Amino acid sequence: MNHLSSLYEQLRPPTSLPGPGYFADQAKQVVFSMKGAVSLLCAAASLPLCSLPSTTQHHESNGQHPSELPYYGLSPPIYPTPVANGTSSSRWSSAYQHALSLTSQMTPFELQNLTRGYPGPCVGNTGAIPRLSIPPLCFYDGPTGVRGQELASAFPAGIHLAATWDSDLMYRYGRAVGAEYRGKGVNIALGPLAGPLGRVAKGGRNWEGLGSDPYLAGVGMGKIVEGVQGEGVIATAKHFLLNEQEYRRRWGQDAPGGEGHAISANVGDRTLREAYVWPFMDALKAGAGAVMCGYNRANHSYACQNSKLLNGVLKTELGFEGFVVSDWDGQMSGVASANSGLDVVMPRDGLWGEKLMEAVKNGSVAEERLNDMATRVLAAWLYAGQDDGTYPPVGVAPGGQLPDPVDVQEDHADLIREIGAAGTVLVKNVNGTLPLTKPKFLAVYGYDAIVKSTPWENPDRYGGGYDVNRGWTTFNGTLITGGGSGSSTPPYVVSPFEALSHRVRADRGMLRWDFHSANPSQQYLNADACLVFINAYASEMSDRPALSDAFSDDLVANIASWCSQTIVVVHSAGIRLVDPWISHPNVTAVLMAGLPGQESGNSLVDILYGDVNPSGRLPYTIAKRESDYGTLLNPSTGQPDGDEFFPEDNFPEGLHIDYRYFDRHPGITPRFEFGFGLSYTTFSYSDLEIYVSSNIAPGGGVEETMMPSSSFAATTRFRFPELPDPDTPIKQGGHPDLWETLLVVRCSVENTGDKYEGSEVAQLYVGIPPSDEEEEDEKETPVRQLRGFKRVGPLAPGEEGGAEFALTRRDLSVWDVEVQQWRLRRGEYKVWVGASSRDLRLSGTFEI
Ligand code: BGC
């Protein structure tokens with residue numbers, strides 16, 4: 001142990017998450033503050049003044065643990081934390097006026113009491129201030145509904161919602177989820193999630209998020225926040241930032257001997273903004289009152305004490321008015337986290353509580369900082385309108401059992417069923433297999449067709465997860481949710497088999513089944529079709545062992561070897577490979593049915609029988625084989641970039657994740673690309689048009705050449721200022737100009753089939769021109785990026801509908817690392833509208 005660490009060893013409180021990170025970041029605080037003036041921390045802690053380490057010093061092992069000094073300063077120090085004051089809107093402003101009037105009356109103890117957790121009924125509970133009528137605030141998981149409680153719904157997971165590509169459903173989802181939190185008296189919902197974004201194909205928590213594209217995830221984040229907060233519940237956008245893998249996501253976890261730092265996600269400025277910060281911007285723009293920082297390190301500094309991310313990006317660039325809460329036990333330092341922008345520690349006092357008051361008293365943390373922490377918490381509470389005396393009392397309990405639980409389900413089952421169907425993706429359908437037309441005889445196979453027989457070992461977490469098993473590839477029963485804190489706790493589950501039974505009964509047909517055999521040999525002469533149900537599981541705390549499993553693949557192949565109408569249904573917590581059987585001529589239909597929530601079977605039967613025409617689209621790319629994902633397949637072990645004790649991952653692919661990666665590697669053709677999905681009907685696209693938005697103030701955007709209205713035969717040049725107006729103040733969500741619509745793209749979509757009504761998801765992709773340097777060098781800018789989508793319909797056969805896409809300044813800009821601002825590129829932009837990231841039906845260009 002090095003000298004500095006042993007000094008801090010004496011200071012270390014006996015608390016849940018000790019570790020070298022604590023020493024490091026205390027020490028880092030010393031470095032930063034010394035850079036400015038005097039080391040308040042050292043002085044305050046009465047330490048002999050610490051000898052300042054050099055940031056260029058070589059990494060060397062000194063005793064038991066290697067030194068972390070070489071890593072200091074690699075994430076730029078941004079101090080102090082901006083003091084929020086509610087300038088984003090009149091609603092924030094009045095919340096702040098009120099909050100400040102309360103905090104100005106509080107003692108230091110009361111102020112810090114709002115910044116820490118206590119044991120209580122909720123996953124997280126802040127302290128109360130009874131004399132000012134401030135109750136303890138209740139935090140609860142999330143994000144797929146109120147987890148672990150009775151008489152609350154099990155909503156589809158984020159990845160399933162993303163597969164709907166329907167912003168209206170995303171909003172209604174948020175609203176319904178929000179109503180349930182409110183009904184249970186939960187003040188702060190621990191969702192939605194866009195970190196992980198899904199960079200790592202086997203990532204254990206990708207299913208909690210909204211797909212592997214920042215734009216798609218951003219729309220989802222914005223709409224969910226709008227919905228949740230529309231019910232008066234504070235939404236928490238999590239995990240900020242770069243928590244892209246479960247392996248070594250936190251200190252000690254998975255590390256040899258349980259000691260060693262969390263992986264450091266090292267990302268450049270441009271990738272940071274354009275990929276990972278992006279969806280959080282939407283959440284903030286929609287008013288999110290809380291952000292949860294992650295367990296991981298980012299550019300070598302723990303995310304919950306990373307001053308660049310919290311003080312710099314979140315609270316300065318994005319003008320965040322709410323509060324930052326640590327992930328549970330994710331605080332790694334006391335003074336450093338306070339000064340870096342953390343506002344609330346959970347689930348207990350961590351390294352704050354009494355110690356935070358002491359730090360304020362001795363000057364290590366400014367009084368203003370403590371005031372700001374507490375004011376931010378109260379402002380979010382007031383912004384949500386939870387102070388008016390009508391907020392329901394807390395109706396949750398650890399373990400989920402109360403004598404008389406409040407029923408918050410309302411009619412959400414209908415919405416769950418609708419989203420379940422809307423997010424189901426049809427990827428193969430030949431010989432007119434689907435929709436089924438009153439089949440008389442269906443044979444059903446596979447472990448995923450029925451509910452698990454014993455899923456309640458832990459009443460708080462349906463089907464287990466990290467508390468039961470960290471290495472499952474499949475779930476032994478129908479899969480409706482993943483595992484861990486993001487799993488749901490269904491009041492019931494309609495299995496596929498149950499829903500099929502109802503349907504077959506109504507049709508006076510018959511069913512035969514075998515849920516168990518690996519190679520069901522019984523062949524039925526009169527079976528119309530064989531339905532095979534398989535799944536792919538994932539859980540918090542471990543990444544997935546594989547993207548497929550041999551048992552399930554063999555099961556499909558075995559049945560397809562003799563059943564000429566084999567329909568495969570895959571419930572999966574993310575990417576699931578299908579190549580071992582997808583081209584088999586007897587596999588005539590395949591549905592990627594995601595994680596649909598409690599109405600699973602009903603949603604599926606709606607699709608199978610054509611009551612709902614599938615319009616779900618993949619929110620990620622399914623490759624032909626695992627190795628096709630290259631370095632994006634597995635979580636990083638953190639080496640050789642880093643070492644065993646300080647693992648790191650340099651994100652060498654930059655912006656090229658998911659479909660962007662495949663677009664950059666033309667030799668690797670995906671099996672089913674991002675945005676892909678079939679319908680029971682067909683659509684054609686026509687009449688691509690582009691306009692300067694009528695929102696643009698006169699002179700703000702000028703169209704230089706008139707363009708034929710129906711095609712892009714001529715390139716049109718638009719003129720806009722390259723940078724946002726430097727004199728406009730920042731509001732929550734980022735510079736207001738970024739959200740301004742500059743251009744509008746339109747096209748027509750027609751249902752060209754003759755039988756079925758259906759909806760089409762029209763997708764807009766933009767190719768931002770590469771810079772001159774990029775032309776010569778390695779290309780940083782992806783070939784194309786999603787910048788709009790619209791579920792058009794339902795359209796009757798022959799009916800035409802329109803899709804309109806608004807392109808904002810952000811959509812057309814890149815992050816300029818020199819200017820540290822979003823900048824429009826001068827040059828030729830490409831535009832495509834189509835049915836997937838590769839099925840591009842219309843194209844054109846324009847110039848800025
Ligand atoms: C997870 C968070 C979750 C928290 C509380 C953590 O382990 O990473 O997403 O909200 O626990 O359950």
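Strands β16 and β17 (residues 587-592) pair in the parallel sense over five bridges. Pairing here requires at least two DSSP bridges between two strands. Helices (H or I, at least four residues) and strands (E, at least two) are DSSP runs, numbered from the N terminus. This is a predicted model: local features need pLDDT of at least 70, side-chain atom pairs count only at pLDDT 80 or more, and totals for chains, interfaces and linings use all residues. Residues are numbered from 1 along each chain as its sequence is written, and side-chain values use heavy atoms, with hydrogens and water left out.

**Strand β16 and its partners**
- β16 also pairs with strand β15 (residues 529-536), in the parallel sense, over seven bridges.
- Val570 of β16 is the bridge partner of Ile534. Val570 also has a bridge partner in β17, Met592.

**Burial of β16**
- Seven of the seven residues in β16 (residues 566-572) are buried. Buried means under 20% relative accessible area (1.4 Å probe, protein chains only).
- One face carries Thr566, Val568, Val570 and Ser572, the other Ile567, Val569 and His571; both are covered.

**Ligand site**
- The ligand is surrounded by 14 residues, each with a heavy atom within 4 Å of it. The closest are Asp141, Arg205, Lys238, His239 and Asp327.
- Ligand oxygen atoms lie 2.4 Å from a side-chain N or O atom of Asp141 and 2.9 Å from one of Glu540.

Note on methods. Polar contact = N/O pair within 3.5 Å; in protein donor to acceptor, adjacent residues only side chain to side chain. Buried < 20%, exposed > 50% of the residue type's maximum accessible area, 1.4 Å probe, protein only.
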